[in-house]
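My entries follow in the order in which I looked things up.

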Amino acid sequence: MNPETSLWTDLAFWAFGLAAVWYGWRVFRTDSMVRATFALLASFLNVGAIMVLLLAEYLGTALFFMMAVEMAVMAIFMVAFMMNPAGLNPMQMVHQHRFAIVAGAATFAGLAGLGFAVDFPDRPLIIAADTIQQLGFELMGSSMLVMQSIGVTLLATMIGAVVLSSKWGRYGDSDAGSVPPSLDPEQREEDRS
Amino acid sequence: MTLATLLLIAAGLIGVGVYGALSQQSFVMIMMGFELIINGVLLAGVAFWALATAGEPRGQVLVIVGLLVMAIEAAMGFALVVNVYRARGADTTEGIDSMSH
Amino acid sequence: MPLASVYANDWLAIPVLLAVVVGGVYLVSVLDELFGEVVSGSRPNLGRSLRLPVRQAALLLCQSATRTEHPDRILWPVAPAAYAALAAAGMAVIPFAEGFAVADVRTGIVVFGAAEVLTFVAVYLHGWSANAPLALIGGYRSLVQGFSFMLLSMFVLIGVALPARSLSVGQIVEAQSGLWNVVRHPLGLPLFLVVGLGAALWGPLRLPDSRELAGGTVGEVSGPQRLAWEFARRAMLVSYAVMAASAFLGGYLGPWLPGPVWLLGKSVAMLAVFVALGHLVGRVRPERFMAQAWTVLLPLSFLDILIAGVEALP
Amino acid sequence: MAVSRLARLAAAAPVPVFAALGAGARGPVEELTLSDDVTLVDSPRHATVLLVVGAVPRSLIRPLSQVHDQLAHPRATAWWSSEEATLDPLPQATLIRAESDVVLAVGGLHAALLRGERASELDVLPDEPANPWRGLGANGQGGEGMMGGTPYGRPMAMTGEDRDGLPLDQLHLRLGPFLPAFPAGLVLDTVIQGDVLQECAVVGNPFERDELLGGALTATPPDPERTLAAMERARARHHLHGVARTLRLHGLDALARRTLALAMAPPDDGDRVRYLAHRLERSTALRWATEGVGRIDPSAAEAVGGIVARAAGWSSDARSDDPVYAELGFTPIFRHGSDAQARWRQRLAEAAQALDLAAAAGERRSDGAALELPWGDDDADRRLLDLLPGLLTGQELGDAMTTLDSLDLDLERVARAVARTERA
C-alpha cells in the first residue's frame, strides 16, 4: 500500500476500473457490432487510464494509441462480416452459453481470490524514478534480445497475415479450393489446370 | 488502489473475456473475448510492476510483450477470418465443419 | 498517488489553453474568409470577415437540432465533444512558455499521437451514429484515410524526439535552442502538415465531410451540434498548428520578444499555411491519395526518421 | 435581452440556402455563390431557407416535401420562378419572381424568421417512420436473423460479390433528385459496397410527360439580335459555369467564385481564361481527382458529340462548316483523353476560344441555321443519359460524382429531345 495514495486517486481508480469491466461486459450484450467494438475500446481506454495512475504512462498511452487503431480496424471488420452494423435485428449468437457463464464466473472468482489470498510482496514503485527512461534503457540495453524478437515476430506476423488474407495464394485463388482434391489423379490434374 | 483491488478488476476483465471467448459464435466476437483476457493480463502485469517489484524495468518489458501478443492475435485473427470467409463463406464457428481445405 | 509530483502542471495554463483554442478557432475562421476573398478575386473586407464567424455561430445557436430516424442518442452528440476534447488534450502537452503548460508530461508526443488516432474514431462515430447512408460512408472514409497516414505523424514526431532525447514537448522545444528541427530534418514539417489536414478534415483531405456526400458526417447535423463540430475541426487545426510550431519551429524560443509571442507568431503562420492549402489544393481523390500515402509519404517519413537519427548521433 | 441580441446577430449572418433545382435553374443558382449575403449549403439540415428554383415536375413534389421537412427550425421556403407558380404543394412558400432581387428576398425571409416576425414553417408530411417499428427486440426494431431481407420495410445489408473477391455487405441507396451535385431531377438507384457503386440505374426522367410547376429561369434574356459575338459570349459563360461547378465539387469554392466572376462579366478576349486554365492545369490535386476518371470509349464519345467528342480526340464541330466562322479563322479545339480532366480542360479552352471569337466577330451574324450549341446538339444529353449507368457502375462514389459533373447533363434537355422525336 502506497502511503501517498490520495482519496482522488482511489476514486479515479474505482471509476476507471468499474467502467473497464462494465464496458467489457457490454461488448457481449449489445445488438450492434459497432457498439460492441467501441465498448471494447472504452474498456481498454479505462485500463490505460489506470496504467497512467500507476505511473506506467508510456504503456498506458501506448495502449490508447494501439487500441484506437485496432478497434477502428475491428469496426470495419465487424460491419463487413456481421452485417448488423446498426443493430437493426436483435442478435444473440451464442453456444454453450451456460458453460461459458460458469467458466467466466469461476475464472473471475479464482483469480480474484488469488489476489486476496496470496501475500504478494509490497514493494511499491520508487516515485522519483524516471520509469520511461528506465524502460528505454532496458529495451535498448539488457533486454535488447526481447526487442529484436518482437521486431522479427511482428515482421513474420505481417507477412503471414498478408499471405493468409490475400486472394491469390501459392496454389492459385484462395477461394477456389473449396472442393476437396479428387482421388482420381487425372481428375486432379484437370482440377489444377 | 491496492494490489488486491487492481487484481480484482483484472480478474473481472479476464472473467468477462473467458465468458465471451467461450460463448460467442462469431469469429470476430471470439477475438474480442481474447482481447479482454489480454486486457486483464496487461492490467495485472502493470499492477505487479508498480506495487510488488518496486518498478523493476523488466516488468514493463513483460507488459510490452503482452501488447505484442495482442497485436499478433489481432493481425492473425483477422487474416484467418478473411481466409476462412473466402474459402467457406463462413464467419461463425458453426460454419466450419471440417479442417480440410 | 504521486501524480502531482510527476506532472508539474500549471493550473493557470488551463484558462490560457481554453483562450488559445477559442481564439484560434476564431482566427481560423477569419483567415479562411479573408483568404477565400483574396483567391476569389474580390477585395478582402476585414470588417466583414471579423464579424462573419460570430454571426454564423449565432445563427447555428438559434437553429433547432434536427433528428434522424433512430440515431444513436448518446454517441451522436458525444462525437463532436470528444473531437474538441481531443484537440484540447493534444494541445495540453505543449508548453506556451518555458515551464508553462497544462501538462508537459514525459510522454508528450505519445499523448498527442493517441489523441490524433482517437480523432478518427470520433469522426467515424459521428458519421455512424447519425443512422444515415451518406454520413456512414463519410465515417468509413475517415477511418480508411486515417489508416493511410496516421503512421506518418508518429514517425515524424519520433524524429523530433530523437535530438531531444525525450518524449516531452518541453524538452523537444528546449533541444531546438541551437537549431530548429525544420532545418535539421526538413521532411518532417510538410509530412506533419498533411496529417494535420487529415485530422481536422480540412481542405484537400476533407473527404469524410465532402460536398459530393452532401456534407458527409456533418450532413445530418444542424444547430448547436453542427456548431460544435465545426468548432472542433478548427480546434484540431489549431492544435496541429501549435504542435508544428513547437516541434519544428522552436516553439516559444526566439530572441528579443517574450516566448509566448514567438509561439503565437509561429502558430499563426502555420494556421495561414493550413488555410491557404485549403483554398488552393482541391479535394484529393481517395484512391490516388492513398496509393501515394503508402508508397511515397510513408517511405519519406522513414527517410525523415533516418536523417533525424543520424543527425542525433553524438 | 441576450436572446434577442443573439437573434439579431444571427439575422445578420449570410443566409444558408439549400437550393432544390428544377428545370433551367442551375446557372442562376450558381451565380448566388458570388453574393456575400447568401451561402449555398450542401445539406438541407444546414439551411434556413429552402429555395425551390425553376420548373419542378409534379412527381418531385413528394421528395421536395421530404427535403423541406429536413430543414431545421426556423425555416422558410421560397419558390424562385419566372411565372406565377401554383403553390398548392408547398402552401407555406413565398413566391419570388425571376426579375426581382432573389438575394434581397431570401435575406428578408431569413431576417424575419430570426427576429420572430415570421413563424417557422411546419412539416408538410406527417412525422412518422416510413415503416412502423413493430418488430422484436428492445426497440421493436425488426425481424429475425442477422442479415439480408427487409424486416418491416427496412432493407438490410446483404453480402454480394466485390471487386477484390471478398463478398461483403451491400447497401441499397437511392440518390437524388435534389442532391446538390446532381443535375436537376436525376434519381439513381444504386447498390453501394463501401465506397464503390456496384450497380447503378437511372430512375426515369421526371421532366418527361409530367406537369411542370413554376417556370424555368434563364440567366440572361436571349439576345434578340443573335449576333455572333453575343452567342460566343453565351457559350463562354456556359463553359465557365461548368468549370466553376467542377471546382466547387472539388472543394475549391474561392476559385469557383473567381471563375464565375469571369463568366458573369466576360472579358474582352480569352487571355484571362487561358491564364486561369494554366493555373488550374498545374494543380496536382485536381489532376489526381479527374485524370482517368469517367473515361468514355472514343467511339461512344464521337456518337455523343459536343465537348465530350472533342475531349476524346474528334474535331467534330458544327461551326467548322459555317462560312462566317471560317472567315474568322475558326478551327475546332480538340484533345485526347476522354476523361473528366480532358473535359474540364476542353471547357476552359473553348471558353477562351469563344471569347477570342467574340472579340474578332464585331457585328457579324451567322446565318447558319444549326450552329454548335454549348452542349453539342439537341440530342447529345439523351445519348449521354443512355451511357450514364455503364459509366458510373464500378466507380467509387466520389469518382462517379466527378464523372457526372464532367458531362454537364440536363434532364430537361433530354425530355425536350424525347418530345421532339415523338412529334416527328
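Entry 1, the crossing. I looked up the handedness with which helix 4 of chain C passes helix 10 of chain C, and in this predicted model the crossing is left-handed. Helix 4 covers residues 75-92 of chain C and helix 10 covers residues 224-248, and I noted an angle of about 20 degrees between them, with their axes 8 Å apart.

Which residues does helix 4 of chain C bring to helix 10 of chain C? I listed C:W76, C:P77, C:A79, C:P80, C:Y83, C:A84, C:L86, C:A87, C:G90 and C:M91 on the helix 4 side, and across from them, in helix 10, I found residues including C:Q225, C:W229, C:R233, C:M236, C:S239 and C:V242. Sorted by class, this contact between helix 4 and helix 10 of chain C holds 16 nonpolar, three polar and one charged residues.

I counted twelve helices and zero strands in chain C, so that, by the DSSP runs used here, the order from the N terminus reads α-α-α-α-α-α-α-α-α-α-α-α. Its radius of gyration is 19 Å, close to the 20 Å that the globule rule gives for 314 residues, and I therefore recorded chain C as being as compact as a globular protein of that length. The C-alpha trace of chain C spans about 60 × 55 × 40 Å along its principal axes, and 61% of the 314 residues are buried. When I took the contacts in chain C between residues at least 6 apart in sequence, 79% of them joined residues at least 24 apart.

I then turned to chain B, which has three helices and zero strands and follows the pattern α-α-α along its sequence. Is chain B compact or spread out for its 101 residues? The radius of gyration of chain B is 17 Å, well over the 13 Å from the globule rule, so I noted chain B as more spread out than a compact globule. Its C-alpha trace spans about 50 × 25 × 15 Å along the principal axes. I also wrote down that 68% of the 101 residues of chain B count as buried, and that residues 24 or more positions apart account for 62% of the chain B contacts with a separation of 6 or more.

Note on methods. Residues numbered from 1 in each chain as written. Chains lettered and ligands numbered in written order. Predicted model: local features only at pLDDT ≥ 70, side-chain atom pairs only at ≥ 80, totals over all residues. Heavy atoms only, no water. Axes fitted to C-alpha atoms, helices over the stretch in contact; angles between N-to-C directions. Helix = DSSP H or I, 4+ residues; strand = E, 2+ residues; numbered from the N terminus. Left-handed = near helix turned anticlockwise from the far one by under 90°. Contact = heavy atoms within 4.5 Å. Nonpolar A, V, L, I, M, F, W, Y, C, P; charged D, E, K, R; others polar. Rg over C-alpha atoms; globule rule 2.2 N^0.38 Å. Buried < 20%, exposed > 50% of the residue type's maximum accessible area, 1.4 Å probe, protein only.
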